[in-house]
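Dear colleague,

Please find the structure for your studies below.

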Amino acid sequence: MYRKPTFRRKVEWDIDPNKISVGSLPDLLKDFHLHEYFSKFGIIRDIFVSQGQGTYRLGFVTFRDVDSVKKVLGNQPHQLSGTQVTVSLAKSKRSADNGCPKQNDTGCSKTEDAFADTEDLLLDKEAVDFDPNYATILVSQLKPKATEADLRAYFSKFGTVAEVEIKINRATGESRGFGFVTYLDRRSIDSVLNTCHFLDKCRIKVQQAIRHGMSRDHNMHPFNRKMQWKFNVNKIFIRALPKSIKDFHLHEYFSKFGIIKDVFVSEGQDARRCGFITFRDMDSARRVLDNQPHLLNETQITVSLGKVKQSAETE
């Protein structure tokens with residue numbers, strides 16, 4: 001009996017000059033291993049490891065720049081955890097019907113739904129304003145043991161960090177799994193948002209934070225208007241100061257960063273005792289922030305940029 005021949009649709013391939021394919025990945029190698037190893041060649045935008053075993057288990061690493069891919073290919077062979085891996089330029093399927101590459105979502109975060117609850121906590125029914133000049137990022141999917149010092153140390157490589165805050169559950173005292181990092185310069189955020197991030201072997205999600213503004217009801221009583229905070233670029237804030245540290249200790253230590261105009265230490269218990277130092281120049285405050293962490297009298301202290309209150313009406 002004659003059978004009508006079936007024709008398979010021809011599939012062509014497109015080379016992605018920013019992406020490499022890593023073949024024959026052992027089961028023990030995870031996405032953070034790829035990130036840890038290939039980061040030395042350039043800024044990574046995305047990492048994906050396919051499911052499978054042995055020769056069928058693949059990894060894909062997308063770099064921001066083509067030159068990073070050239071460095072990887074020019075430094076063959078590569079060994080990860082004692083295993084030699086096969087690295088080549090990645091390809092994507094293109095249907096012969098329209099000549100267009102098959103679309104594939106290569107966003108750094110693969111589990112958007114996991115963050116829905118976190119974002120709902122932040123985006124409540126109050127009016128919010130998206131400010132493109134707002135130099136703060138929202139960092140989510142943090143491990144419970146992640147600290148503000150960990151965030152500061154990691155994100156400082158993208159620019160001068162003015163402030164770091166991890167949100168804490170007041171009832172339990174434990175981390176809520178997300179926090180905020182504020183930069184001194186808005187331009188630092190551009191690099192952060194175009195990079196894939198791992199902290200303590202865990203992929204974290206980073207996005208532009210949304211500034212919570214006051215209600216758009218301009219007839220609101222002025223005493224009920226929400227207060228906003230503005231950074232004082234010449235002032236640093238030191239929290240949780242031990243009682244053993246006095247104002248002259250702060251002056252003695254921080255004078256090496258520049259000329260100090262004022263030093264103030266508040267009264268209170270250790271957790272609420274804080275200090276403020278005002279420099280004559282902004283560059284002095286920047287040097288302090290860029291040289292974290294700081295040790296006074298064998299005690300590590302947390303330093304951030306000082307803030308002053310202002311009415312949202314005057315922003």
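Predicted model: local features only at pLDDT ≥ 70, side-chain atom pairs only at ≥ 80, totals over all residues.

Residues are numbered from 1 along each chain as its sequence is written, and side-chain values use heavy atoms, without hydrogens and water.

Side chains of opposite charge can pair when their charged atoms come close. The structure holds 10 salt bridges (a side-chain nitrogen of Lys or Arg within 4 Å of a carboxyl oxygen of Asp or Glu). One of them joins Arg203 to Asp46, with the closest N and O atoms 4.0 Å apart. Arg203 belongs to strand E11 and Asp46 to strand E2, so this pair ties together parts 157 residues apart in sequence (strands are DSSP runs of at least two residues, helices, H or I, of at least four, numbered from the N terminus). Asp46 is buried at 4% relative accessible area, and Arg203 is buried at 13% (buried means under 20%, exposed over 50%, partly exposed in between, with a 1.4 Å probe and protein chains only). Asp31, Asp46 and Arg203 are linked in a network of salt bridges.

Asn194 lies in the loop between helix H5 and strand E10 and is partly exposed, at 37%. Asn194 touches Ile43, Ile44 and Arg45, leaving aside residues up to four places away in sequence (contact means heavy atoms within 4.5 Å).

Yours sincerely
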